[in-house]
Amino acid sequence: MEETSLSFDSRYWPFKKYTEIYNRSLQDPERFWAEEARKLDWFKTWDTVLDWQPPFARWFVGGELNASYQCVDRHVKTWRRSKVAIYWEGEPGDSQVLSYSTLYRWVNKFASVLQKLGVGKGDTVALYLPMIPELPIFMLACARIGAVHTVVFSGFSAQALADRINDTQAKILVTADAGFRRGKFVQLKNISDEAARLSPSIESVIVARRGNMTPEMKPGRDYWLHDLLDKADAHVSPVPVESTHPLYILYTSGTTGKPKGIVHNTGGYLVFNNSVYKWVFDIKEESVYWCTADVGWVTGHSSIVYGPLCHGAAIVLYEGAPDYPTVDRWWDIIEKYGVSIFYTSPTAIRMLMRYGEDKVKRHDLSTLELLGSVGEAINPEAWLWYYKVIGGERCPIVDTWWQTETGGTMISPAPGIECAPLKPGSATFPLPGVNADIVDDSGKSVPPGQKGYLVIKTPWPGMLAGIHGDPVRYKETYWSKFPGMFYTGDYAIKDKDGYFWLLGRADEVLKIAGHRIGTIEIEDAVVSHQSVVEAAVASKPDPVKGESVVVFATLKQGEVPSPELKDGIKRHIRSTLGPVVTPDEIYFVAKLPKTRSGKIMRRVLKAVASESQIGDLTTLEDEASVDEVKKAYEQLKKEV
Ligand code: ATP
Ligand code: MG
């Protein structure tokens, strides 16, 4: 935990405005959230703000609304009809600009396409699409007719896709003939065929054209999107749905185990995201906003589609890899579209750091006003690089902590209200209405400076409605560790100023000679060594200390692994954190195992280091098949 002080305006301290709103939100949450809910357009006002039958919360009960109406129709009734909704940048450099009126037209037509294939309210549609405009358009088209979407990241295998289809019982699968990945085509239709073969619920497959491929089309089941659009109606009225009607089902990243199908309901989710998007990003009419996440993750749902579009924001959507065809592709895109708000992940920042500052300096990034980070704790090293090199020391960084389950950001600086003086590596404070705390094993609040479990003590509108089809797992996972509190599974600490610092996954906390230490604490120390770019820490049973520390590290370009370097890193950790946590083993690797959403899968390393079962690997990031990945780990095991 580094407390580098930056030259931020101290006028803001002690955040009078934030404190006033935050306190008010917790004193009377229902009144607070009712006020926030009135910022949306409802077809029918709710009767009850919150029906809380622990652990099930129903928000704005009796109210009726429509998510596609919020995101599109509302804007086309104003001057925003000619405002840019989506700047789309394809990987090979092709592009499209969609105004809100164009988006409106397409959402209507896509909704008609779905209706003509028999999709109605409550049906589930699986979307297995690359990052092309068709993806958000289909999400909104589903919402328009009350259908539930389940987006599956287009890098997943046929089996992973089929698992999600079977779990949700989706009746339509939407895919593309192909998608670009680093200049090559991935044959998405072929993968979809394989998945459809394993998924009896699928009645029709819609295929969008991206790659000029000629895949086999099964008569009576498969349809080209452009053919269906030719016959589609121009208008489909948005179906008013109950606030508690499910908007989507989305699977978690699988960092800690088998992914969970998280259900989000329409009203609470939209109210929450409409508010937090404004608080976190301080969105302005003229902002150009770019979130680099894939729409297949919750960040993509809330922070590319529903949050920004609720506000009528202009968003950038980019199809490809950050470093393709050149390592400065992202900086080029920021310059090209004049991006003012840029939101990405620590993993990406660390990767781009590796390529050096020169690649950034070639570009004019002066339009940037605000930077954001999400997905993992951002280590102070990466934070400072992001702040200085990308943000030119003028843009605040919002480090946003949240989960698929929370629906939207929970802990983050809130420039839309009043930005806290930042501390690199801290997500600062909970947003209004978020009753976050840190507790010990017995569920008691811990004092500042003491580590514990991050919990949320009262329901909030973005809270998941449940795990699809598994109320028992829902209760067990989130509500049984500390009765009456939502258990996040993350380990954290509040410092003396009340700032929250995330320290890693609670079940990956190391217990060394009686000390508890979060993986992030050690990783931050490793990464602050000049030769290291990225690190993951795992533990291994140790007869004396209980657990011993095993470090896996990737080195900066040009650095060569050597026993001296290992010793240097060990000495560095010892001097930063003390002798107890000195690692027993350090392994240099070219790549750390990560989920497809870019999170380090420490459990894989832990399993490798302690020679136990690796567990579910379906969300592991790698172009190669899962089998190949397993083989690679067997090899690593031998080296270990
Ligand atoms: P699974 O629940 O299947 O193991 P997952 O937790 O990785 O997968 P997500 O919901 O995508 O799936 O990730 C949420 C988690 O990401 C959080 O619980 C936290 O551990 C981590 N996280 C997200 N943002 C931050 C952040 N700003 N700082 C620290 N950790 C973060
Ligand atoms: Mg999780």
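**View 1. Lysine charges over tyrosine rings.** A charge sits over a ring if NZ of Lys or CZ of Arg is within 6 Å of the ring centre and within 35 degrees of the ring normal. The model shown in this and the following views is predicted. Lysine 481 lies over the face of tyrosine 487, 5.6 Å from the ring centre. Lysine 423 is placed over the face of tyrosine 499, at 4.2 Å from the ring centre.

View 2. The structure holds 46 aromatic pairs. One of them joins tyrosine 269 and tyrosine 306. Their ring centres are 5.8 Å apart and their planes stand at 85°, so the pair is edge-to-face; the class needs an angle over 60 degrees.

**View 3. A tilted pair of tyrosine 453 and phenylalanine 482.** The two rings lie 5.6 Å apart, centre to centre, with 50° between the planes. Tyrosine 453 sits in strand S22 (residues 451-456). Phenylalanine 482 is in the loop between helix H15 (471-479) and strand S24 (486-494). The pair links distant parts of the chain, 29 residues apart. Tyrosine 453 has a relative accessible area of 7%, so it counts as buried. Phenylalanine 482 is at 2% relative accessibility and therefore also counts as buried.

**View 4. A cluster of aromatic rings.** Ring pairs connect Trp52, Phe56, Trp460, Tyr474, Tyr478, Trp479 and Phe486.

**View 5. The hairpin of strands S28 and S29.** The strands run antiparallel and are joined by ten bridges. S28 covers residues 532-542, and S29 covers residues 546-555. Glutamate 534 has threonine 554 in S29 as its bridge partner. S28 is mostly covered, with nine of its eleven residues buried.

**View 6. The contact between domain 1 and domain 2.** The domain assignment gives domain 1 as 10-426 + 433-492 and domain 2 as 508-639. Taken over C-alpha atoms, the domain centres are 30 Å apart. Domain 1 brings 27 residues to the contact, and domain 2 brings 28 residues. Between them the domains bury about 2,500 Å², 50% of it on carbon and sulfur atoms. On the domain 1 side, Thr255, Arg354 and Tyr491 lose the most area to domain 2. Together they account for 24% of what that side buries.

Conventions. Residues are numbered from 1 along each chain as its sequence is written. Chains are lettered from A and ligands numbered from 1 in the order in which they are written. This is a predicted model: local features need pLDDT of at least 70, side-chain atom pairs count only at pLDDT 80 or more; totals for chains, interfaces and linings use all residues. Side-chain values use heavy atoms; hydrogens and water are left out. Rings of Phe, Tyr and Trp (its six-membered ring) pair if their centres lie within 6.5 Å; planes under 30 degrees apart count as stacked, over 60 as edge-to-face and the rest as tilted. Helices (H or I, at least four residues) and strands (E, at least two) are DSSP runs, numbered from the N terminus. Buried means under 20% relative accessible area, exposed over 50%, partly exposed in between (1.4 Å probe, protein chains only). Two strands pair if DSSP finds at least two bridges between them. Domain bounds come from an automatic or database domain assignment. Contact means heavy atoms within 4.5 Å. Buried area is the accessible area (1.4 Å probe) that two parts lose on being put together, summed over both.
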